[in-house]
Amino acid sequence: MLLATMTYEEIYHEILKDTHELSAVLVKEEKIFRKLAQRAKLYPYGRIYQWKHPYSHNNYTFFFDVKRHSDWDKMIKTVIFTEYDTDDGKVTVAISMNELTIGINILSSHFFKRYYERHLSINTQFAPKRKHDVRVEFFLRTTNYLSMGDKLASIKELQKDEPDLINEALLTTEGLLLCKRLKENPNILIYKTYVGLNELFEHQYADVTLNVIHIYFLRAKDDSPRFTQTIERLYLDGINDMNKLWNDQDLPFDKKQNLRYHRLMDVLDDLSKFFI
């Protein structure tokens, strides 16, 4: 069972011991979800399933989500997480599994509080339509991200160096996730805090928004190589438009930020149409 006294490595190995049974339950529940999603009348369609490991007694939450009816047999978003109690509140451990590696993301209640305060509570256009908790909303909305490490000087300003941990910044379409990766085990990522686009300084905002478009550009090219020229045109047009807005000396920062954000959303919408 996960305990507050465990180190990050101990948490990781505790999760590893559960993955054989966890994988079997995941396969079974995903089959059930596909049948339900195929018959669903309203989309997006999601289902939450709770499961307790018979030996470790760790409680896991599975969340399955599909955006459109046509995606029921291929584009299912799956979230798996567990949690444990500490004196500072609950800590969530999200698990990612593939054929090669198993990784964990560790997120404190402080992180989710900041995500709610800095994004969900103030961006009414992104307000949850379904009454899942903040954790599920976060996992659903951060499907696409670009890991920048500390490559952008403007982002590096926001992170303090710590021994045994590597700074890592994840750019999403909604904001910036400031994280730390364990030096001795890169499969362990600790989420420290969330910073909304509206909280960034001018030079940080300029860096981040252009790189967010780059996330979608790379994915669109990978998913639809036949449409590379069209995708590159959409990408370059978007970059040019956003730079023109940014260089307009007659616009105050708040106005430029708002216009650029809406142009960003338009570009992302256009590029996302090429995702498989």
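A helix here is a DSSP run of H or I at least four residues long, numbered from the N terminus. Isoleucine 231 sits in such a run, helix α6. The views below come from a predicted model.

**Figure 1. Overview of the chain.** The predicted chain has seven helices and nine strands. Of its 276 residues, 44% count as buried. Among contacts with a separation of 6 or more, 51% are between residues 24 or more positions apart.

**Figure 2. Isoleucine 231 in helix α6.** Isoleucine 231 has a relative accessibility of 0% and therefore counts as buried, since the cut-off for buried is under 20%. Leaving aside neighbours within four places in sequence, isoleucine 231 is in contact with Phe217, Ala220, Lys221, Ser224, Leu271 and Phe274. One of these, alanine 220, is eleven residues away in sequence, with a C-alpha to C-alpha distance of 7.0 Å from isoleucine 231.

**Figure 3. Threonine 228, also in helix α6.** Is threonine 228 buried or partly exposed? Its relative accessible area is 24%, so threonine 228 is partly exposed. Phenylalanine 274 is 46 residues from threonine 228 in sequence, and their C-alpha atoms are 9.8 Å apart in space.

**Figure 4. The largest nonpolar core.** In soluble globular proteins, nonpolar side chains tend to be buried together. The largest nonpolar core in this model has 29 residues, and the members that touch the most others are Leu176, Leu197, Leu200, Val208, Ile213, Leu264 and Leu271. Two or more residues of this core come from each of β7 (165-172), β8, α5 (202-223), α6 (228-247) and α7 (253-272). Helix α5 gives the most, with nine residues. Leucine 271, not counting residues up to four places away in sequence, touches Ile213, Tyr216, Phe217, Ala220, Ile231 and Leu234. A second, separate core has 28 residues, including Phe33, Ile95, Leu182 and Ile190.

**Figure 5. The buried side of helix α2.** Which residues of α2 (residues 109-120) are buried? They are Phe111, Phe112, Tyr115, His119 and Leu120. These residues lie on the same side of α2 because they cover an arc of only 95 degrees around the axis. An α-helix has 3.6 residues a turn, so residues three or four places apart point the same way. The buried residues of α2 pack against strands β4 (89-97), β5 (102-108), β8 (175-182) and β9 (188-196), and against helix α3 (134-141).

**Figure 6. The second largest pocket.** This pocket has a volume of about 710 Å³. Its lining has 29 residues, and those nearest the centre of the pocket are Thr78, Ile95, Ser96, Met97 and Asn105. At least two lining residues are supplied by each of α1 (8-39), β3 (77-86), β4, β5, α3, β8 and β9. Sorted by class, the lining has 16 nonpolar, nine polar and four charged residues.

Figure 7. Cysteine 179 is in strand β8. With a relative accessibility of 0%, cysteine 179 counts as buried. The C-alpha atom of cysteine 179 is 6.7 Å from that of leucine 189, which is ten residues away along the chain. The loop between β8 and β9 holds asparagine 185. Asparagine 185 also counts as buried, because its relative accessibility is 9%. Which residues are in contact with asparagine 185, leaving aside neighbours within four places in sequence? They are Glu9 and Tyr12.

**Figure 8. Backbone details in two loops.** Proline 44 is in the loop between α1 and β1 (45-52). The peptide bond from tyrosine 43 to proline 44 is cis, with omega near 0 degrees. Histidine 57 is in the loop between β1 and β2 (59-66). Although histidine 57 is not a glycine, its phi is positive, at about 65 degrees. With a relative accessibility of 38%, histidine 57 counts as partly exposed.

Technical notes
Residues are numbered from 1 along each chain as its sequence is written. This is a predicted model: local features need pLDDT of at least 70, side-chain atom pairs count only at pLDDT 80 or more; totals for chains, interfaces and linings use all residues. Side-chain values use heavy atoms; hydrogens and water are left out. Buried means under 20% relative accessible area, exposed over 50%, partly exposed in between (1.4 Å probe, protein chains only). The arc is that of the directions from the helix axis to the C-beta atoms. Contact means heavy atoms within 4.5 Å. On a 1 Å grid over the protein atoms alone, a cavity is a set of points where a 1.4 Å probe fits but cannot get out, and a pocket is an open set with protein on both sides within 12 Å along at least five of seven lines; lining residues have an atom within 4 Å of a point. Grid points are joined across faces, edges and corners, and a volume is the space filled by probe spheres set on the points. Ala, Val, Leu, Ile, Met, Phe, Trp, Tyr, Cys and Pro count as nonpolar, Asp, Glu, Lys and Arg as charged, and the others, Gly among them, as polar. A nonpolar core is a set of buried Ala, Val, Leu, Ile, Met, Phe, Trp, Tyr and Cys residues joined through side-chain atoms within 4.5 Å.
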